[in-house]
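Trainee: I would like to go through this model by question and answer. Please show me the sequence and the structure before we start.

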Protein chains: 4
Amino acid sequence: MQRFALIGAGFIGAVHAANLALHPDIDFVMVYDVDHARAESIASAHGARATQSPDEVFDRRMIDAVLIASSTDTHADNLRRAADAGIAAFVEKPIDLDLAAAHDVVAYAERAGIPVMVDFNRRFDRDHAELRRIVQSGSVGDVELVLLTSRGPTSPPIEYVKVSGGQLRDQTVHFFDLARWICGADPVEVFVAGSALADPRISRYGDVDTSVATLKMPTGALVQIDSVRRTGYGYDERIEVMGASGLVESRRHAAGNVVRYGGIHAAADGLHAGWFERVRPTYAAALSAFVSTLTEGTPVPVTLDDGLKAQAIADAATASLRSGLVQRIHYPSVDSRDEPQ
Amino acid sequence: MQRFALIGAGFIGAVHAANLALHPDIDFVMVYDVDHARAESIASAHGARATQSPDEVFDRRMIDAVLIASSTDTHADNLRRAADAGIAAFVEKPIDLDLAAAHDVVAYAERAGIPVMVDFNRRFDRDHAELRRIVQSGSVGDVELVLLTSRGPTSPPIEYVKVSGGQLRDQTVHFFDLARWICGADPVEVFVAGSALADPRISRYGDVDTSVATLKMPTGALVQIDSVRRTGYGYDERIEVMGASGLVESRRHAAGNVVRYGGIHAAADGLHAGWFERVRPTYAAALSAFVSTLTEGTPVPVTLDDGLKAQAIADAATASLRSGLVQRIHYPSVDSRDEPQ
Amino acid sequence: MQRFALIGAGFIGAVHAANLALHPDIDFVMVYDVDHARAESIASAHGARATQSPDEVFDRRMIDAVLIASSTDTHADNLRRAADAGIAAFVEKPIDLDLAAAHDVVAYAERAGIPVMVDFNRRFDRDHAELRRIVQSGSVGDVELVLLTSRGPTSPPIEYVKVSGGQLRDQTVHFFDLARWICGADPVEVFVAGSALADPRISRYGDVDTSVATLKMPTGALVQIDSVRRTGYGYDERIEVMGASGLVESRRHAAGNVVRYGGIHAAADGLHAGWFERVRPTYAAALSAFVSTLTEGTPVPVTLDDGLKAQAIADAATASLRSGLVQRIHYPSVDSRDEPQ
Amino acid sequence: MQRFALIGAGFIGAVHAANLALHPDIDFVMVYDVDHARAESIASAHGARATQSPDEVFDRRMIDAVLIASSTDTHADNLRRAADAGIAAFVEKPIDLDLAAAHDVVAYAERAGIPVMVDFNRRFDRDHAELRRIVQSGSVGDVELVLLTSRGPTSPPIEYVKVSGGQLRDQTVHFFDLARWICGADPVEVFVAGSALADPRISRYGDVDTSVATLKMPTGALVQIDSVRRTGYGYDERIEVMGASGLVESRRHAAGNVVRYGGIHAAADGLHAGWFERVRPTYAAALSAFVSTLTEGTPVPVTLDDGLKAQAIADAATASLRSGLVQRIHYPSVDSRDEPQ
């Protein structure tokens with residue numbers, strides 16, 4: 001049994017708590033949150049204990065692994081403490097909004113040698129993983145063109161926009177990671193065009209809510225990513241990979257399978273109203289993969305290096321959006337064997 | 001070039017006329033109809049000649065083949081004349097509403113040795129033919145269950161109902177033929193339940209507009225056919241064949257490929273408003289197959305025996321509908337090598 | 001909190017146990033099984049207690065409701081004991097394989113006045129429920145034709161076949177219930193044809209594994225149900241309802257959303273390999289509905305009368321299969337307000 | 001009856017010839033081609049006359065309209081001659097590969113006042129037109145994001161690549177036109193990334209075969225177009241328009257409607273092997289629209305100005321591909337009322 005502590009009892013913290021409680025190889029010991037009432041509420045619902053002391057969380061005698069789901073600006077510090085304590089960590093993205101700071105803590109954690117997994121949970125979507133398996137099998141040939149669609153139903157609150165790092169760092173970063181993971185390669189340059197269409201106020205913060213990114217891979221293969229903050233039709237996520245000999249798609253998910261015909265029209269169930277309904281199973285799957293790393297020694301499925309590289313792309317993309325110019329992507333030089341696989 | 005005469009210049013006659021005119025190996029010579037103005041109209045549109053003399057139609061010196069699309073009660077006589085003249089015939093179904101009469105004229109035509117094809121045009125639907133190819137290839141295993149759906153958009157006029165022979169002989173007969181053709185076997189018994197729901201007046205004529213037929217094949221395989229005269233959603237035709245190791249479907253056709261998402265709903269193009277839009281290409285394909293028989297000596301693709309057998313099933317089905325009892329199907333003993341293939 | 005005891009710790013018992021443990025308004029107290037080790041295993045996994053004494057299960061001071069998931073031949077006795085104790089019951093179908101015996105215990109339970117729900121869980125499938133909502137809203141018009149498809153992936157063991165009551169009572173009965181529930185009416189007659197194709201041995205027990213049922217509703221509307229024990233392509237369940245003005249379908253579920261194109265072919269995820277993956281969520285939904293009955297006094301969603309009526313149809317269907325004749329369906333006269341809604 | 005002459009008897013000329021012959025309001029008089037034998041072959045197949053004299057083609061006493069389907073470098077001259085003769089013209093795109101030259105001949109034709117239609121035939125695709133109708137109706141809200149996919153099955157011969165003007169001017173230009181037509185607005189800037197992946201030889205001519213274009217509309221709406229010369233899975237053309245309140249798609253077309261299930265897989269008909277099968281009906285529809293202009297005075301559906309503007313976008317796109325920079329699009333100032341509608 002791996003003894004886990006959870007840091008952060010917000011919305012995503014609660015999702016992780018339920019998965020920690022259900023996993024057969026996890027002993028869900030402890031919850032910490034700056035808002036202690038929130039920690040207590042989650043702890044009591046899942047048979048864990050709420051603590052007011054971060055020291056307990058990082059006590060190696062009681063805890064084997066920590067799940068860091070606290071606010072973004074605390075990720076790096078928590079990771080550093082885990083490294084100091086020799087405790088494994090599963091950390092929500094991003095490692096740190098500042099790429100240089102992120103790089104420092106990654107180097108720190110790597111020196112400490114603790115297993116760390118970054119929660120790029122979309123890699124654990126059943127359909128995305130099946131698509132990647134097909135691509136990697138070679139059955140569509142060498143990758144030539146990839147299209148990714150990331151469209152959420154609702155604009156985030158303006159308060160969130162201010163601290164999010166922008167659409168490309170906050171939303172599109174998942175798809176930068178998916179592009180690397182699917183292609184098994186690091187893009188060399190990026191161009192982004194964007195607009196603030198759903199909520200023009202966000203342009204005051206230099207942000208956009210509708211954007212189109214073009215990445216070029218070392219082979220010349222092209223990747224398009226469209227990112228939208230607010231659709232009028234629910235949550236829409238898709239991937240399409242064209243290779244030299246075929247195409248594979250991970251299609252959008254319908255919320256149901258009912259269709260009605262009348263006159264010359266057909267009416268069917270649309271998409272899930274919210275993103276969580278689609279993405280929900282990926283959190284448990286990501287956690288399971290991390291537990292396999294801890295218990296069976298399988299490679300960390302999403303490394304700190306993966307986290308840094310996706311951030312590096314997001315930084316270059318943000319620079320392109322602001323400058324209107326194609327940007328070469330500079331990857332931080334972390335000594336790492338963690339090539340995308 | 002095969003010199004064709006067309007008998008019958010109604011709706012289906014006009015369809016055949018256009019196909020006769022376009023076929024590269026057909027010389028479309030002549031049109032006859034009891035309504036001469038109608039014959040003239042069609043003839044002039046396609047560079048053929050209208051005649052008022054049936055003798056010209058059956059003049060072997062001018063005509064190689066006759067396409068019989070006149071009213072049902074004239075099919076047998078026209079077939080007999082073709083046999084007398086040694087002229088090939090392509091005949092609309094049914095051969096004769098009376099099975100015994102049909103049997104007589106079939107025997108007559110077979111003695112004369114003329115090539116005759118019955119227009120079970122649905123065998124020439126691209127999707128149905130592909131489905132049958134898959135079934136015959138063995139890739140779904142031995143056939144165990146077949147579902148056929150035959151649903152037209154509009155109830156026929158009551159005047160037509162009176163002379164049509166009833167839904168099972170007029171509409172379902174095409175699907176009795178498809179069942180034989182797909183399974184490569186003749187059903188041994190049939191049960192039918194039906195109701196007059198769309199137009200209760202037709203029950204005065206012993207007819208129904210909504211019916212469900214169950215056939216049993218010699219192997220025990222089961223066939224279900226649902227037949228509907230009037231849907232509220234266009235023309236719906238489908239086939240589904242379950243074998244021991246898989247399933248194959250020839251799906252309904254949408255009228256277009258546009259879909260709209262809004263809120264939690266999706267709205268798409270429905271089905272074709274009318275049956276003809278779906279079935280149109282099958283007429284030219286059936287005619288082409290007949291021309292191949294005439295010019296290359298390929299086997300007649302739908303024989304008189306096929307026509308008789310489908311009628312025998314329709315007769316037994318009608319008897320079941322009226323009696324409420326399962327009926328064994330008695331096939332007329334025509335000496336024939338035309339086993340379903 | 002409703003205090004529940006579970007009787008029966010087999011496969012379905014384990015499913016119920018997990019749902020009992022997760023439901024926020026249920027206190028999962030106790031498990032009983034003739035195989036005590038099995039009871040203990042399930043109890044310990046969910047924080048309940050295994051008991052060797054049926055008396056404890058029916059002790060009104062400790063238990064508010066009992067979930068009867070034991071073997072079919074014990075359902076009636078357990079229901080009788082619940083009635084004696086004044087304990088609510090949620091009972092797996094069938095009530096009793098013998099319709100007269102089932103009728104007796106239903107009358108007994110109704111006299112006792114305990115709330116009893118029969119687990120026709122498919123009514124709680126999200127898509128089926130949405131289909132019924134659309135039908136009941138009138139937006140497809142009066143029901144004229146219903147098609148139900150029930151196809152499992154694997155033939156049951158021959159030992160199970162012997163005691164199952166036959167395909168129609170064991171498998172198709174769920175769909176007899178769905179037909180009543182969707183149409184809001186009781187069928188008046190039934191005809192069934194069937195064959196033993198997948199496992200011919202079962203014909204020794206008078207059973208079939210591939211069958212086609214035709215039901216007639218009081219309005220003349222027709223219902224077709226095809227039931228298959230062993231497909232070669234996974235679990236396939238569908239409903240299609242044609243009304244006077246349109247059609248609504250609850251379509252088969254794909255196991256994934258990945259499609260690959262290459263050459264002139266497309267390859268996609270097929271169906272779920274097993275029935276449980278498709279049906280899983282319905283058990284929790286059914287249990288929730290029962291809890292609403294207990295806590296909020298909402299009507300019992302699936303009554304004993306519903307259970308009896310579905311069995312009556314299954315009995316008539318079995319008689320039709322054996323006799324080859326259409327059977328009128330005789331419903332047991334239970335004094336009941338539980339008309340299908 | 002409009003008397004038409006056809007110039008050019010190549011592949012597309014033959015397609016037009018068949019449509020000219022079938023149109024009820026067209027008298028198909030004459031065919032001219034530099035290869036007279038080719039002209040004669042097409043003329044005789046459709047009851048027209050082959051001429052060796054271009055003077056006859058532009059003889060106003062015999063001809064009302066000319067369909068220009070000759071090689072690209074002759075379009076402008078033929079258009080000029082039609083203008084001189086006062087004969088209406090239906091011209092294949094592009095008007096001239098050189099935008100300035102195209103501009104000159106457009107001004108010339110507009111001064112002459114003859115009706116001229118450019119054959120952007122994809123506007124006449126049933127599904128694309130329905131998509132545009134929905135967009136224009138406002139039912140998906142203001143356009144925010146448009147995705148167009150243009151993927152052909154086969155790389156063109158290298159000889160063709162040299163004279164084609166490049167992928168963006170030859171292939172993508174149709175989709176630049178569709179983008180203007182759907183949005184009812186002219187894009188202001190364009191960025192293109194591209195690679196020569198299928199046939200690296202074409203990079204010697206400065207061309208690519210896989211490209212991704214991003215356009216920005218005056219409102220900030222974004223348009224993505226991916227263009228591929230050689231897929232491994234047939235012809236793939238799609239449009240997707242996201243507005244503020246919904247999404248509408250014109251989906252790819254399958255070549256058939258057959259699907260097979262076996263094990264955990266489904267296999268279906270893929271896409272059309274070639275582009276022509278998909279696009280075929282649009283040529284006749286475009287011609288019909290032009291005939292309506294000639295006979296009923298309806299507005300020219302695709303004007304010379306539309307042709308020029310699409311070329312202007314293609315020119316800017318080509319400049320972006322070569323420079324790696326975003327390009328503003330400069331539209332030629334033709335005095336015109338022909339705003340995109």
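Trainee: Which residue forms a salt bridge with A:Asp226?

Mentor: This is a predicted model, in which local features need pLDDT of at least 70, side-chain atom pairs count only at pLDDT 80 or more, and totals for chains, interfaces and linings use all residues. Residues are numbered from 1 along each chain as its sequence is written, chains are lettered from A and ligands numbered from 1 in the order in which they are written, and side-chain values use heavy atoms, with hydrogens and water left out. A salt bridge here is a side-chain nitrogen of Lys or Arg within 4 Å of a carboxyl oxygen of Asp or Glu. With closest N and O atoms 2.7 Å apart, the partner of A:Asp226 is A:Arg151.

Trainee: How many residues apart in sequence are the parts that A:Asp226 and A:Arg151 tie together?

Mentor: Helices (H or I, at least four residues) and strands (E, at least two) are DSSP runs, numbered from the N terminus. A:Asp226 lies in strand E10 (residues 222–228) of chain A and A:Arg151 in strand E7 (residues 143–151) of chain A, so the separation is 75 residues.

Trainee: Are A:Asp226 and A:Arg151 buried or exposed?

Mentor: Buried means under 20% relative accessible area, exposed over 50%, and partly exposed in between (1.4 Å probe, protein chains only). On that scale both A:Asp226 and A:Arg151 are buried.

Trainee: Where does D:Arg123 lie, the partner of D:Asp306 in a salt bridge?

Mentor: The side chains of D:Asp306 and D:Arg123 meet with N to O at 3.5 Å. D:Asp306 counts as buried because its relative accessibility is 4%, and D:Arg123 counts as buried at 7%. D:Asp306 belongs to helix H10 (residues 304–323) of chain D, so the pair ties together parts 183 residues apart in sequence, with D:Arg123 in the loop between strand E6 (116–118) and helix H6 (126–136) of chain D.

Trainee: Which residues do salt bridges that share partners join into one network?

Mentor: A search of the whole structure finds 131 salt bridges over all chains. Those that share partners join A:Arg151, A:Asp226, A:Asp236, A:Arg238, A:Arg252, D:Glu240, D:Glu249 and D:Arg251.

Trainee: How many salt bridges are there between chain B and chain C?

Mentor: One salt bridge links C:Arg252 with B:Glu249, the closest N and O atoms being 3.0 Å apart. Side chains of opposite charge can pair when their charged atoms come close. The count between chain B and chain C is nine.

Trainee: What area is buried between chain B and chain C?

Mentor: The contact (heavy atoms within 4.5 Å) takes 41 residues from chain B and 41 residues from chain C. B:Glu144, B:Leu197 and B:Gln224 supply 15% of the area that chain B buries against chain C, more than any other three residues. Buried area is the accessible area (1.4 Å probe) that two parts lose on being put together, summed over both. Carbon and sulfur atoms give 58% of the total, which is about 3000 Å².

Trainee: How are the rings of A:Trp275 and A:Phe276 arranged?

Mentor: Rings of Phe, Tyr and Trp (its six-membered ring) pair if their centres lie within 6.5 Å; planes under 30 degrees apart count as stacked, over 60 as edge-to-face and the rest as tilted. The structure holds 30 such aromatic pairs over all chains. Here the centres are 5.6 Å apart and the planes at 80 degrees, so A:Trp275 and A:Phe276 are edge-to-face.

Trainee: Is A:Trp275 buried or partly exposed?

Mentor: A:Phe276 is buried, with a relative accessible area of 17%. A:Trp275 has 31% relative accessibility and therefore counts as partly exposed.

Trainee: How many residues apart are B:Phe11 and B:Phe276?

Mentor: Their ring centres are 5.3 Å apart and their planes at 75 degrees, so the pair is edge-to-face. B:Phe11 is in helix H1 (residues 11–22) of chain B and B:Phe276 in helix H9 (residues 275–296) of chain B, a separation of 265 residues.

Trainee: Which residue's side chain makes a polar contact with the side chain of A:His272?

Mentor: A:His272 is found in the loop between strand E14 (265–269) and helix H9 (275–296) of chain A, and A:His272 is buried, with a relative accessible area of 11%. A polar contact is a pair of N or O atoms within 3.5 Å; within protein, one must be able to donate a hydrogen and the other to accept it, and residues adjacent in sequence count only if both atoms are side-chain atoms. At 3.4 Å, the partner of A:His272 is A:Glu277.
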